[in-house]
Amino acid sequence: TNSFLQIFRILRGINVRVLVILLFLGFGYVFYIGASTSPIIVFVFSVCIVSFLLSIYLTKWVLSKDEGPPEMAQISEAIRDGAEGFFKTQYGTISKMALLLALVILSIYLFRNTTPQQESSGLGRATSACITVAAFLLGALCSGVAGYVGMWVSVRANVRVSSAARRSAREALQIAVRAGGFSALVVVGMAVIGIAILYATFYVWLGVDSPGSMKVTDLPLLLVGYGFGASFVALFAQLGGGIYTKAADVGADLVGKVEQGIPEDDPRNPAVIADLVGDNVGDCAARGADLFESIAAEIISAMILGGTMAQHYPSGFILFPLVVHSFDLVVSSIGILSIRGTRDSNVKVPLEDPMTILQKGYSVTIILAVLTFFGSTRWLLYTEQAPSAWLNFSLCGLVGIITAYVFVWITKYYTDYKHEPVRTLALSSSTGHGTNIIAGVSLGLESTAIPVLVISVSIISAFWLGHTSGLVDETGSPTGGLFGTAVATMGMLSTAAYILTMDMFGPIADNAGGIVEMSRQPESVREITDVLDAVGNTTKATTKGFAIGSAALASFLLFSAYMDEVSSFAREPFKQVDIAIPEVFIGGLLGSMLIFLFSAWACAAVGRTAQEVVKEDYKEKPDYGRCVAIVASASLREMIKPGALAIVSPIVVGFLFRVLGHYTGHPLLGAKVVAALLMFATVSGILMALFLN
């Protein structure tokens, strides 16, 4: 083994040097293409790289904290092994499916008609097919890396939080927040730098804006693959991780509390480790992939819209989304660093409510976000033809930022134990399970109302602010409406890194509580982690609400992008969808039904997986590894069916109605039916998600 270790050391020594050289070459290349594209891209690259450096500092800071007594470290190791094992298997499955899909995309792009834009830019079918597939794979890869990195640090931070909880609550909070901040900065940074690198690479390689080649306004259309790759990974990461975390949770509670009457995180219960692993893969990795996808899709759809605007106005419209999200990294970093520990760790401080501390940091972030948003609109969206347009757009951004704040507040109201709804629910539990479930369902149904009103108001006000901004097309009709809603979505996501930090805080605090309980720490320590855990549950729900809200705003954009794409292929206008046509109405019905079927399959999957856990009974030294393996394999098996439903159904419906339309003399029928399917599915999806959250 000695000689083996020496070889390993030499390899490691070489690898560090090689890595440094490769990194330098990489940075050099990135800045070279950035500089030859536009100074704005250089700014975006610089901000992303600085935020990566900051996230490395945060990791170093977190990992320098002690791991506590050996019994804590032991449990943490079991969690780490479980999470990494599951992650390898899950992403192995996802990458196989992604490669398969890449081949499908390649063949579709090779055999389909070219659009007028492609013809004018001189891109052949083969080139555009390869570009789309490459972007798809890069999006999937970046999304996977972002998820993995988030989980990597959370499985190491949990034990450090439980160790710190033996000293002071404030220190425990700070470690959890900084560990969360690391993963949040990486997720947002990866999304932004991935798109920026793609954009700059295509710009340089395809010789954009030189005579006879592609126009810069059509360039964003090539990035669509990236967003699709990201959402493909997010779908399965959410499904696999979600089934895993909930099945383990339900399984652990059914075995422990109900069958055996043992406390929540008792070490004798084999499902406990699986439950704690689930928090990491479900909430860190999956939520990371989910917000990565929201941000990527939103940046790309806004860049495509900006491309349409930039045909008459400055090209700042295209790069604007990248700049907004770069500033997100800056303001969220300041927000994260504003949460400090107390000077003297030996004095037992009375416990402040962690939620107020997090809320203060969020307020700091919001105020800075508003200022930077006004700055970036003035910098990039100012045009002589409409000198006040930038002000309208910065107000759109303000609408988005307020929407985000209101969403966070609404979710907090419905899920935090200090407010009316949760207290009423607790009261109804005093008369048994039945009344508890009835009250819970009604509360969930009720909680869809205010968010929908908020989304409706923000979409309309952003649309009108954009519409009246004074930007017009050749015919003189106003064009800024859709771009206004795009800017509102950017505003909503302009504090995404801080929101993600609060989210990642949840599973880390939850894990810390589990480790404290399992290593039989004194009651005072458990009290601290319990408060952190309760707050963590609220912040997790908050992020889900936030993700739903931003997805609702973004879906409106994607919808118009879909219609533009159809009209450029069909070479005839495709402006509205008429629900009064029976086939289109059926498409809408099918779309709404899909959401319910998808939810049913996902719930059934959780139920079946949980049953397998319950069968693994508890012993004095339980077999944690076996339990983790059971849940892992079951949840990967179960995620395929609902996932395939979401991907295959629009294709099948579109194809059927396309054939029908061909025989009835309506060539665009398929596209219209799919449009209705997507629109209705989005609407019922938003409502369903709010209800379940």
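# Salt bridges, helices and surface of a predicted model

Reader: Is E171 buried or exposed?

Author: E171 has a relative accessible area of 12%. The cut-offs are under 20% for buried, over 50% for exposed, and partly exposed in between (1.4 Å probe, protein chains only). E171 therefore counts as buried.

Reader: What kind of model is this?

Author: Residues are numbered from 1 along each chain as its sequence is written, and side-chain values use heavy atoms, with hydrogens and water left out. Local features need pLDDT of at least 70, side-chain atom pairs count only at pLDDT 80 or more, and totals for chains, interfaces and linings use all residues; the model is predicted.

Reader: How many residues apart in sequence are the parts that K65 and E171 tie together?

Author: The side chains of K65 and E171 meet in a salt bridge, at 3.7 Å from N to O. K65 sits in the loop between α2 (39-63) and α3 (70-111), while E171 belongs to helix α6 (residues 169-205), so the parts they tie together are separated in sequence. Helices (H or I, at least four residues) and strands (E, at least two) are DSSP runs, numbered from the N terminus. The separation of the pair is 106 residues.

Reader: How many salt bridges does the structure hold?

Author: In general, side chains of opposite charge can pair when their charged atoms come close. A pair counts here when a side-chain nitrogen of Lys or Arg is within 4 Å of a carboxyl oxygen of Asp or Glu. The number of salt bridges in the structure is 10.

Reader: How many residues apart are D66 and R166?

Author: D66 and R166 form a salt bridge through their side chains, at 3.6 Å from N to O. D66 lies in the loop between α2 and α3, and R166 in the loop between α5 (125-164) and α6; these distant parts of the chain are linked across 100 residues.

Reader: What is the relative accessibility of R160?

Author: R160 forms a salt bridge with E67, the closest N and O atoms being 3.3 Å apart. R160 is in helix α5 and E67 is in the loop between α2 and α3, 93 residues apart. E67 counts as partly exposed, at 26% relative accessibility. R160 counts as buried, because its relative accessibility is 8%.

Reader: Which residues do salt bridges that share partners join into one network?

Author: E67 is partly exposed at 26% relative accessibility. Salt bridges that share partners make one network, and its members are K65, D66, R166, R167 and E171.

Reader: How many helices does the chain have, and what is its radius of gyration?

Author: The chain has 20 helices and zero strands. For 693 residues the globule rule gives 26 Å, and the chain comes close to that, so it is as compact as a globular protein of that length. The radius is taken over C-alpha atoms, and the rule is 2.2 Å times the number of residues to the power 0.38. The answers are 20 helices and 25 Å.

Reader: How many residues of α9 are buried?

Author: Helix α9 (residues 316-337) reaches 31 Å from its first C-alpha to its last, close to the expected 32 Å. That expectation is 1.5 Å times one less than its number of residues. The helix is largely enclosed by the rest of the structure, because its buried residues number 19 of the 22.

Reader: Which residues is G307 in contact with, leaving aside its neighbours within four places in sequence?

Author: G307 lies in helix α8 (residues 271-309). It is buried, with a relative accessible area of 1%. Contact means heavy atoms within 4.5 Å. With neighbours within four places in sequence left aside, G307 is in contact with T217 and I318.

Reader: Which residues form a nonpolar patch on the surface?

Author: I21 lies in helix α1 (residues 2-37) and counts as exposed at 52% relative accessibility. Patches are made of residues with over 30% relative accessible area and no salt bridge; like charges are joined within 9 Å, nonpolar side chains (Val, Leu, Ile, Met, Phe, Trp, Tyr) within 5 Å. Accessible areas come from the Shrake-Rupley method with a 1.4 Å probe; for residues, only the protein chains shown count as cover. The patch has about 320 Å² of accessible area together, and its residues are I21, L22 and L25.

Reader: What is the phi of R520?

Author: Most residues other than glycine have a negative phi. R520 lies in the loop between α16 (496-518) and α17 (523-570), and counts as exposed at 59% relative accessibility. R520 is not a glycine, yet it has a positive phi of about 55°.
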